[in-house]
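Please read this report beside the sequence and the 3D view. It takes up the domain layout and then the contact between the chains.

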Amino acid sequence: MNRRGILLVEDNAQDELLTLRSLRKVNLANAVTVVRDGQQALDFLFREGAFGGVPAGPLPAVVMLDLGLPRVGGLEVLARLRSDERTRLLPIVILTSSDEDQDRLRSYLGGANSFVRKPVDFAEFAETVARLGVYWMAVNESPLDGGQP
Amino acid sequence: MSGEGPRARESEGDPASLLARMSRLAKVGGWSFDPRTGEGEWTEEVARIHDLDPTLATTKDLGLSFYTPESRPRIEQAVREAIEAARAYDLELELVSAKGVRKWVRTQGQPVVEGGRVVRVQGTFQDITAQKQLELSLRESQDRLQLLIDHAPAALAMFDREMRYLAVSRRWLNDYGLSGRDVLGDCQYDLFPQLPAAARAIHRRALAGEVVCTEEDPFILADGTRRWRRWEARPWRDARGASGGIVLFSEDLTDRKRSEAALRGSEDRLRLFIEHAPAALALFDQEMRYLAVSRRWLSDYGLAGREVLGRSHYEIFPEITEAWKAVHRRGLAGEVVIEEEDQFIRQDGSAQWLRWEVRPWYESEGVVGGLVIFTEDITARVQALHALRESEAALLISERLFAMAFTQNPAAIALTRLADGVILDVNATWESLSGYCREEAVGHSAREMRIWPSPEASRRFVQELTRQGVIRDWEQTFLRKRGEPYVARLAAQVLTFRGEPHILSTLVDITEQKRAREEIQRLNADLEHRVEARTAELQAANEELEAFAYAVSHDLRAPLRAMSGFSQALEEDFGAALPEEARGYLGQIMAGSHHMGELIDGLLALSRTTRGDLKREPVDLTFLAEEVRQQLERQEPGRGVRWRLQPGLRASGDARMLRIVMANLVGNAWKYTGGQPDPVIAVEAAELDGQPCFRVSDNGAGFDMAHAAKLFQPFQRLHRQDEFPGLGIGLATVQRIIHRHGGRIAAQAEPGHGAAFCFSLPPSLEETRP
């Protein structure tokens, strides 16, 4: 199990609840940090703004990023993370209600590692989120693992 | 002479008187004188001759004084020589008698020598005037004869019996190569030793009294040249009737013979010339018999290979017309008949044009020997000429037409001199357009009349015209006579007229047209503006719709997920605590939210078909159908559907959208054959109203065509949910996609007997271009 956590960027409280419930089913709920908009996500990752005083820790194993976010949008967050040396290789999964081709294409072009649509059907949704969590936390070897002191 | 008187009175019986009588009869006188004293005496006869008194005495000087100035020196010299040298004399002299009568006398003088000196000179004296006159007239007549012979225009010679020349004409001398020689007295046989014996025989026959003529006798000249002559020998007789010799007359035939030979040669040449003349030419005698004929004539008249010489033209052409015969008669009568252009109808009915000439030829002065007929087939030339005349006539007509086209042209036309812009001519339309009448315009320059709005405009036009030689569609504002502007479309061309460059310009008044065009442009601009505005509005609406669709896809789903999610969480976490009925309600919430999720997806798909660019690319519809089939069979295996997918169905369109089309149509077929024991689904090429199309058909439930109008409207369904579940969005989406591709879609169905959907996908405009 990766000692790094999951950063969930989700503005919809119900989706947050359902996501956390799904992750809890696979025992990953404790590793999850939730921020509710893009700015918060950036502040958290770069320890800026509200997170300026929080001591620096390891980057999360994966960022689950919604696209339709208040303040700074998901694609903007993706671009800022990929343009920064520190987060250039950070695994980012786009988790969104949109199944627009444009969104998918832009996400991959922006450097997203995965694009996953949130199914309307809850059972499907729960399963998808659970698999994602397990994959990124347990299966995948992050490019950042070896390089972190 | 004074001694004669007494003697004259002597009696007739004595000898002296006899002598006197005799001397009187003989008309001979005697005289003597003494050289020392000059005293002399003469007989009566001498005195009579001098018309002096015989009784008077005489002296030497008296005797000498009667002689004429011509005779006197001769007699004085003879007397002096007789006295000094004792020389006798005999002279014929002329004297003028005392009565003034001129007389010829013969005087003979004899010196008498005694003691070595001349003591007396004596002699006879005779009147010879009559004798002398006879002699003179004879000589004159001889001279005249000689002159006559000399200058006779024929070769003529007179010979004596020994063939010695007595007289000869110059022509003879010339003909026999004797010019410049004095041949009188010479013998002909000495001059021409080779004279043939035959000639000598003829001479002898003539000397014997015969007249002999020869024809064409060859004769060798003294210089050896050979000549031909005709000659005649006839005898002449003297006064006594005795044969005196012969006269030869000859005529040189050499030249005539030569010219005859030359004539014969030239006749041959003429015949040859005629034969090979590059024209139809024939020579006829008076009886119209062929004397010579050209090959061209023979071929022209179908006589090639036939012998016509010597045969009559009328015998060869028995059918010859009376008109021709009349022409021949006129020619034979001496007339030259020429026809420059004469039409004949050949036996085969075709028309032939001839130029012909009938000319008499003359045997000798004034005697027509026959005809020369010349004919030339000028059919081709005449036809060409007629064509030319026709074209000339056409030209004349076209000139008139052009003149009419000029004067009555609906366009204004002006002819202007390039150098100074002076107008040479204008037509009626120009007059009405410009407001100037022709008389006001012709002879004046456009500049002077202020037709151009500015000198620069005129200069620019002339510059451009000079550079290009021709100008078309030049739009120019001009001023009418009253200063009112009008716009004309101007076409102009530089052409040389009377050796000077001129401008031929044509003006069409386009003032109205231009106004209308400007109006159209203004309206167009307005329209475009409005279209732009409307498009912007539409764009805004579209963007709004897109934003709406995006919002729907994002934001409508989240609450649905919450409803469905928490319903499921409730069931999972607290299901055991809930009564059976509550769990049933939870199930309805979940089913409703699921259905709504599908509706939202369908709506999104429908909206997406009208958004975004339509890409054109080659699409394999068979492949798309196959994809759908595999997906359907994965989702719902074991249906046992028989597929008939025609391979290689190619279309041009947006692959993503056409995938939606195939998914819907094939998906429908799959769905509606659900109750069919032997389901068949076909995708193939077909025709729709004569145009190629694609058809997706099944043998499923079908539908009632009475409701076909609702088929493609969104959310309209022809089946109940409990029969065949569905959203009523699929066919609406399909129709939109087909319409966006410029195609058509139509359905054909019967309840219980399946349905067929035909759609066309015409190639884009770009693709239809070669």
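## Domain layout of chain B

The C-alpha centres of domain 2 of chain B and domain 5 of chain B lie 156 Å apart, in a predicted model where local features need pLDDT of at least 70, side-chain atom pairs count only at pLDDT 80 or more, and totals for chains, interfaces and linings use all residues. Residues are numbered from 1 along each chain as its sequence is written, chains are lettered from A and ligands numbered from 1 in the order in which they are written, and side-chain values use heavy atoms, with hydrogens and water left out.

The assignment for chain B, with bounds from an automatic or database domain assignment, includes domain 2 at 141-252 and domain 5 at 510-612.

## Area and residues of the contact

Chain A and chain B each bring 24 residues to their contact, which is defined by heavy atoms within 4.5 Å. About 1,900 Å² is buried between the two chains, 49% of it from carbon and sulfur atoms; buried area is the accessible area (1.4 Å probe) that two parts lose on being put together, summed over both. On the side of chain A, the residues that lose the most area to chain B are Glu100(A), Val120(A) and Phe122(A), which together account for 31% of what that side buries.

## Salt bridges

Five salt bridges are counted between chain A and chain B, each a side-chain nitrogen of Lys or Arg within 4 Å of a carboxyl oxygen of Asp or Glu. One of them joins the side chains of Lys25(A) and Glu572(B), at 3.3 Å from N to O.
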